[in-house]
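This briefing goes with the sequence and coordinates shown below.

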Amino acid sequence: MEELRLPDGAYRGALTDEHISAIFSGAGDFNRRELRVGTHIIYVYAIDGLTSGGDISELVVKPLLQDTRAGTMEELYDRALRSTVYNSVASACEDLNDAATKLVNGFTVVLFGQQAIAFETKTGEKRAPAAPEVENTVKGPKDAFTETVRTNTSLLRRHLRTPALRLYETQVGRRSLTNVTVAWIDGLTDPELVERMKKRLSEIDVDGLTTPAAVEEYVTGSRPTAFPLMQYTERTDRFAQGLLDGRVGLLVDGLPLGYLAPVDIGALMTAPEDRGTDYLSASFLRLLRYLALLIGLVLPGLYVAMATFHPEMLPTALLQAIIESKHTVPFPTVFEVLGLLVAFELLQEASISMPHSVGQSLSIIGGLVVGTAAVEAKILSPAALIVVAAAGIAGFALPGRSFADALRLWRLFLTVLASLAGLFGLTLGALCLLVHLSGLTSLDVEYLAPFSRVSGSRAIVRQRLFRQKYRDPALHPLDGKNQR
Amino acid sequence: MKWLYLFAALVLTAVFGLPFRAYDTGKLLPVRTVQAARTARGVKLVSEIGQAEGESWTEAVAALREQAPGDVFFDTAEQLVVCAPSLLPEILRSGELRPAAQVYFAEELTDPEGLNEYLTAHKSELTVADLRYALLREGRL
C-alpha cells in the first residue's frame with residue numbers, strides 16, 4: 001500500500017479492485033461488494049456511516065442488477081453513467097486518488113474493470129441547524145452554521161437567492177482532506193480578493209485543517225498578532241451580509257462557523273443586533289461598545305498608574321476612599337491588580353473547560369464567594385476588585401470573542417507597563433498598540449481602515465439604512481452602490 | 001532576540017531612569033488643608049495629619065513627615081492657610097503644594113478639624129499659581 005501513496009498524501013496507481021481494497025485495508029467501516037451483472041463482475045465500494053445503505057441498494061445496486069442487456073464492460077459502464085442508474089449525481093472517477101477521495105466524501109464508487117463511477121449516496125445523518133449559541137439575538141434568524149459544509153451552503157443560498165453567489169470548493173490538508181468553500185458574489189466582490197483567498201488556500205500544505213486556529217493562521221499567514229485578521233460568525237445572516245458588503249467568505253467542513261475577510265476594527269465592533277434595532281439604539285450600543293473597549297483595555301492600567309505613581313491626579317475624596325480601602329491590605333496595588341487579572345483569566349479558563357452547569361457554579365464560587373471573602377479578609381481592596389471586574393465585564397460587552405481575547409492580552413501588557421512607569425508607561429503601551437494596529441492588514445485592507453477615512457464615523461454610528469447607499473470603498477467592490 | 005533586549009532596556013529605564021516616585025497607596029496620608037505660621041522656633045505647620053515645627057518651612061515639612069505614621073502626601077492639599085504672608089516665598093519655592101491649591105490668609109492657627117469642609121464651602125479666589133505668578137513678576141521668587 002505504501003507504494004501507492006505519494007509524499008503529498010495522494011494515491012497513484014491503476015484503478016483496480018486490489019488497489020482500492022489496499023488503500024482501505026484495515027478500515028472497519030469500508031464496505032466492498034462484488035456483483036455479477038450479466039457476464040461481468042463489478043465492485044461496489046462505500047464507507048459505512050458516510051453513506052446511506054438504503055440509497056446504495058435502491059439507487060445504485062438495484063438499477064445496476066436490473067440491467068440485463070448484453071454487451072461489453074465498456075458499454076455497461078457507459079449505460080451506468082448515462083442511463084440505467086438513476087442517481088442524481090454520478091461522475092466518472094479520473095484515477096485511483098479521485099476514487100479514494102470520492103469514497104471518503106460520502107460517494108459510492110462502482111468499479112467497472114479499470115473504470116469507476118462515483119454516485120452520491122451521502123447519509124442524511126447530520127446535525128440540524130440550531131439557534132446560534134454565542135451570537136444570539138432577539139429578533140434575528142435562528143439558523144446557525146453546522147459542521148457540514150453542504151448544509152451551510154444551503155443555508156447561505158436561502159439567505160442569498162442570487163444566482164451570482166459563487167461557491168468555489170477545494171480540499172485542504174494532505175491527510176484531513178478538509179473541504180473548504182470560498183463564497184463570494186460575482187459582479188460585486190473584488191475579484192482580486194477572491195483570487196488572493198484562493199491563492200492562500202492553494203498554498204496551504206499541511207497535514208490537517210481541522211481547527212479554527214489552523215484556518216485563521218494558515219489563511220491569514222500567521223502574523224505575529226493576537227488580533228483576528230478574519231472575522232468568524234456562526235450566524236448565516238451575518239455571513240450573508242458580509243458577502244453583500246463585498247467581502248469573501250470561507251466555509252470549512254467540520255467547523256460550525258463562517259469566516260469573512262477582509263476584516264477591520266469597525267466590522268469587529270458591530271454586533272448582529274445592530275441591524276435588528278433602530279439606528280438610534282444601535283448607534284448608542286456601538287458607542288457603549290467603544291467605551292467598553294476603552295475601559296476593558298486601560299482601566300486596570302490606569303488604576304495602577306494613578307494609585308501608584310500619580311495619586312495627586314485623583315480627586316482627594318476618591319484617593320481617600322482608595323487609601324481607606326487599601327489600609328490593611330498587605331500587597332502593593334501593582335501585585336493586587338496583576339494578581340486579580342491573572343485570577344480572572346484563570347477563572348475564565350476554568351469555566352470554559354467545565355460543563356455548562358458546573359461552569360456557572362464555578363463563576364459564582366470563584367467570582368462572588370472567593371472575591372467577597374478576600375475583601376472581607378482584607379487580602380484585597382474593594383477598589384482593585386471593582387476595577388478588574390469592571391474591565392472584565394467591559395471585555396465581555398465586545399461582540400467578537402477573538403477580538404476581546406486580544407484585548408485581554410494587551411490589557412495585561414498595559415497594566416505591566418503602567419506598573420513600571422505609570423502614565424508614561426501606559427501611554428507608551430497605548431502608542432505601541434496603535435502602531436501595531438496601524439501595521440495590520442487583512443487581505444491588504446488596513447485594520448484601522450474605518451478610522452483612516454473622513455467617513456470614519458460610520459464605524460461608530462449606525463447610519464439610517466436608507467442612507468447607507470454605498471458599500472465600504474476599502475473593499476473595492478465592483479458594484480459600489482447597494483441601493484437607490 | 002532584539003525585542004527581548006529592547007524590552008529589558010525599556011524595563012530598566014522605566015524602573016531606574018524615570019523621575020517617577022512609586023507610592024504605597026495604603027500608607028499614604030493625604031493632606032487637604034495646610035496652615036503655616038511663624039513661631040519663636042521658626043515655622044509651625046498644622047494639618048489633619050498632625051503638626052510640626054522647624055526653623056524653616058522645609059524643616060517643618062520634614063519634621064511632619066518624620067513623625068507621621070505613613071507617607072505624608074502634600075499633592076492633595078486643597079487649601080493653604082497662611083498666618084504670616086512673609087512665609088509665602090519660602091512655601092512657594094519648595095513646590096510642595098499643587099498650583100490649584102487655594103490660598104487663605106488668617107490671623108492665627110485654628111483647629112484643623114472641620115476646617116477643610118468650612119473652606120470648601122467658602123472658596124478663595126487666590127490660588128498658589130496666582131501667587132507664584134505675582135511673586136515672580138515682582139522678582140521675589
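Does Thr270(A) count as buried or exposed? At 19% relative accessibility, Thr270(A) counts as buried, where buried means under 20% relative accessible area, exposed over 50% and partly exposed in between, with a 1.4 Å probe and protein chains only. The model is predicted: local features need pLDDT of at least 70, side-chain atom pairs count only at pLDDT 80 or more, and totals for chains, interfaces and linings use all residues. Residues are numbered from 1 along each chain as its sequence is written, chains are lettered from A and ligands numbered from 1 in the order in which they are written, and side-chain values use heavy atoms, with hydrogens and water left out.

- Thr270(A) sits in the loop between α9 (265-268) and α10 of chain A; helices (H or I, at least four residues) and strands (E, at least two) are DSSP runs, numbered from the N terminus.
- A polar atom of the Thr270(A) side chain lies 2.7 Å from the backbone oxygen of Ala267(A).
- Not counting residues up to four places away in sequence, Thr270(A) touches Arg238(A), Arg286(A), Arg289(A) and Pro399(A), contact meaning heavy atoms within 4.5 Å.
- Ala27(A) is in the loop between α1 (17-23) and β1 (30-37) of chain A, and counts as partly exposed because its relative accessibility is 29%.
- A distance of 9.0 Å separates the C-alpha atoms of Ala27(A) and Ile47(A), which are 20 residues apart along the chain.

**Helix α11(A)**

- In α11 (residues 316-326) of chain A, the buried residues are Thr316(A), Leu319(A), Ile322(A), Ile323(A), Ser325(A) and Lys326(A).
- Their cover includes α10 (279-308), α12 (333-353) and α14 (382-396) of chain A, together with β1 (28-30) and β5 (71-73) of chain B.
- Ile322(A) has 5% relative accessibility and therefore counts as buried.
- Leaving out residues up to four places away in sequence, Ile322(A) touches Tyr303(A), Leu314(A), Ala383(A) and Thr25(B).

**Interface between chains A and B**

- In this interface, 20 residues of chain B are in contact with 20 residues of chain A.
- About 1800 Å² is buried between the two chains, 71% of it from carbon and sulfur atoms; buried area is the accessible area (1.4 Å probe) that two parts lose on being put together, summed over both.
- Within chain B, Phe20(B), Thr25(B) and Gly26(B) lose the most area to chain A, together 28% of what that side buries.
- There are 0 salt bridges between the chains, a salt bridge being a side-chain nitrogen of Lys or Arg within 4 Å of a carboxyl oxygen of Asp or Glu.
- On the side of chain B that touches chain A, α1 (2-17) and β1 of chain B are the elements that give two or more residues, and α1(B) gives the most, with 5 residues.

**Nonpolar cores**

- The largest nonpolar core has 28 residues, of which Val34(B), Leu45(B), Trp57(B), Phe74(B), Leu80(B) and Leu97(B) touch the most other members; such a core is a set of buried Ala, Val, Leu, Ile, Met, Phe, Trp, Tyr and Cys residues joined through side-chain atoms within 4.5 Å.
- The largest share of this core comes from α2(B), with 4 residues.
- A second, separate core of 26 residues includes Ala305(A), Phe403(A), Ala406(A) and Leu440(A).

Definitions and conventions:
A polar contact is a pair of N or O atoms within 3.5 Å; within protein, one must be able to donate a hydrogen and the other to accept it, and residues adjacent in sequence count only if both atoms are side-chain atoms.
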